[in-house]
Amino acid sequence: MESVFLNKNLCCGCGVCGQLCPTDAIRMNPDQNGFFYPLIDPNKCVDCGSCSASCSFGRPLQPSRKQSVYAAKLEDVEERMKSQSGGVFFALAKKILSEGGVVYGAGMADDLTVRHMRAETLAELETLRMSKYVQSDMNGIFTKIGEDLQLNKQVLFSGTPCQIDAFNSFTKNKNIDTSNYYSIDLICFGVASPKLYDDYLNYTQQRYSKIPLEKFIFRDKLSNGWHGCVEKIIFSKTGENIYYSTIYANIFFSLVGHRASCFSCPYAKTERCSDITIGDFWGIEEAIPDFWDETGVSAIIINTSKGEVLFHDLSGLLVRESNIADCSKKQKCLTGGFDAPRDYDAFWRDYHRYGFEYVSRKYGKNDWRHKVLRKLKYAIKKTLILFFPAQLIYKIKHGIKKLRRQG
Ligand SMILES: Cc1cc2nc3c(=O)[nH]c(=O)nc-3n(C[C@H](O)[C@H](O)[C@H](O)COP(=O)(O)OP(=O)(O)OC[C@H]3O[C@@H](n4cnc5c(N)ncnc54)[C@H](O)[C@@H]3O)c2cc1C
């Protein structure tokens, strides 16, 4: 077996090469860091070149028609709290389901692995909601979506921009009729390693409880609001044995556990490859102050006329018009993306040499000083909330951050 790609910066792990290979010679295999890369079986490969022809990563994107931009949030606050931002994904997916269609998105399986799944009912849709900050497993998904489209079903597929662009390539190569197909891509900060995530779950299991881990929420909105970055770990079905942590979030948001190709992401711009792009409307407090809401506001960029049709007349959604400048002001992932952090290689070296617990202390701010500081911050926040409105606290916090940045 040999790897197709020698340059890991140029492979996003979407797997379209394998799903299109006519001789089934490619399978996706995890590397040492746990990211999937294609491996070619030389005994099966007929050198047809279909794998490199199907690879869409880094190909120029079609310039979008004039995009429309909105801020939106679900009217029902309880429902909004079940979504990471303002819940626009739920509103779009519900519309597709109510018209007899199916929805594909990243869900969490019973064993807590993150993979793309198919939903045809509202109950099945639940697991696709909320952000999972790890690369989702796409094994076999393009073929399944293709089959649904060939049955003339309406399909909504949501994922990271590289996953959406990969499916665009799949439909072109397979000549699939896409008139019933709608795509949603995320404004994407990048994805972390599934192995790292798995190690984190094992570490948490050993550390906190003998009862098997039941549920994991990457960024819990209920306890820390829309802006908070705290994960919730639940060990029982009945709601006891709940722990909060920031280890995974600290590692994820410091970018050290990211896939290498995320640092040369060709989708970190306002030209998009989907019908609709969704994300958090960071900066809403300045763009549309009276629409600010600490339970979450979505940013929506409509890229195609099909997207316009899907977004039109969505029920249960409060919508305000905006523009691309306001929506991308605080989004590095729409304006060029990120470079690899300086300690990226050191992180992986430490991880292989000393294991997860060591890197969780060094890079996940999991030592005693950070723990005390976190508890102190939490107590101050809870006390302030008793006396002042949340928007004021948020404004003060960000004012201080801004001043610090300006030195
Ligand atoms: C890895 C990652 C990085 C992100 N980075 C940013 C960012 O930098 N800026 C920003 O504004 N928004 C970012 N988002 C998007 C944002 O957090 C919300 O997911 C988005 O706004 C949708 O929120 P919602 O309330 O409409 O719906 P939700 O119910 O929260 O919808 C979740 C949607 O995200 C998809 N999804 C969840 N996890 C994954 C995954 N691992 N891979 C592919 N798709 C996934 C689901 O399929 C579903 O469509 C990111 C999301 C992820 C998963």
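User: Take buried as under 20% relative accessible area, exposed as over 50%, and partly exposed as the range in between. The model is predicted. Which class does arginine 118 fall in?

Analyst: Arginine 118 has a relative accessible area of 29%. Buried needs under 20% and exposed needs over 50%. Arginine 118 is therefore partly exposed.

User: What residue forms a salt bridge with arginine 118?

Analyst: The closest N and O atoms of this pair are 3.4 Å apart. A salt bridge requires a side-chain nitrogen of Lys or Arg within 4 Å of a carboxyl oxygen of Asp or Glu. Arginine 118 is bridged to glutamate 120.

User: How far apart are the closest N and O atoms in the salt bridge of aspartate 111 with arginine 115?

Analyst: Arginine 115 is partly exposed, at 34% relative accessible area. Its salt bridge runs to aspartate 111, and the closest N and O atoms are separated by 3.8 Å.

User: Is arginine 129 buried or exposed?

Analyst: Arginine 129 forms a salt bridge with glutamate 126, with 3.2 Å between the closest N and O atoms. Glutamate 126 is partly exposed, at 35% relative accessible area. Arginine 129 has a relative accessible area of 4%. The cut-off is under 20%, so arginine 129 is buried.

User: Which residues are linked with Arg129 in a network of salt bridges?

Analyst: One link is the salt bridge between arginine 129 and glutamate 126. The network also takes in two further names, and its members besides Arg129 are Glu79, Lys82 and Glu126.

User: How many salt bridges does the model hold?

Analyst: The pair of arginine 118 and glutamate 120 is one of them. Another joins aspartate 111 to arginine 115. The count of salt bridges comes to 15.

User: Which strands stand at the edges of the open three-stranded sheet?

Analyst: The strand order is 9-10-11, with antiparallel pairing. The edge strands each have a single partner strand, so one side of each is left without a neighbour in the sheet. Neighbouring strands are turned by 15 degrees against each other on average, direction ignored. The edges are strand 9 (215-217) and strand 11 (242-245).

User: Over how many bridges do strand 10 and strand 11 pair?

Analyst: Strand 10 covers residues 231-234 and pairs with strand 9 in the antiparallel sense over three bridges. Its pairing with strand 11 is also antiparallel. Lysine 232 stands opposite tyrosine 244 of strand 11. The number of bridges between strand 10 and strand 11 is four.

User: Which residue of strand 10 is the bridge partner of lysine 215?

Analyst: Isoleucine 217 stands opposite lysine 232 in strand 10. Lysine 215 has another partner in strand 10, and that partner is isoleucine 234.

User: Which residues of strand 10 point the other way from Glu231 and Ile233?

Analyst: Glu231 and Ile233 point one way from strand 10, and two other residues point the other way. All four names are buried.

User: What handedness does the β-α-β unit of strand 7, helix 7 and strand 8 have?

Analyst: Strand 7 (residues 155-159) and strand 8 pair in the parallel sense over five bridges. Serine 158 stands opposite isoleucine 184 in strand 8. Helix 7 (residues 161-174) belongs to the unit together with these strands. The unit is right-handed.

User: Which residue of strand 12 stands opposite leucine 186?

Analyst: Strand 8 (residues 181-186) is mostly covered, as five of its six residues are buried. It pairs with strand 12 (residues 276-280) in the parallel sense over three bridges. Leucine 186 faces isoleucine 278.

User: How far apart in space are asparagine 303 and valine 359?

Analyst: Asparagine 303 sits in the loop between strand 13 (298-302) and helix 12 (305-311). It counts as buried, at 4% relative accessibility. Asparagine 303 and valine 359 are 56 residues apart in sequence, and their C-alpha to C-alpha separation is 40 Å.

Technical notes:
Residues numbered from 1 in each chain as written. Predicted model: local features only at pLDDT ≥ 70, side-chain atom pairs only at ≥ 80, totals over all residues. Heavy atoms only, no water. Pairing = 2+ DSSP bridges. Axes fitted to C-alpha atoms, helices over the stretch in contact; angles between N-to-C directions. Buried < 20%, exposed > 50% of the residue type's maximum accessible area, 1.4 Å probe, protein only. Right-handed = clockwise from strand over helix to strand, strands pointing away.
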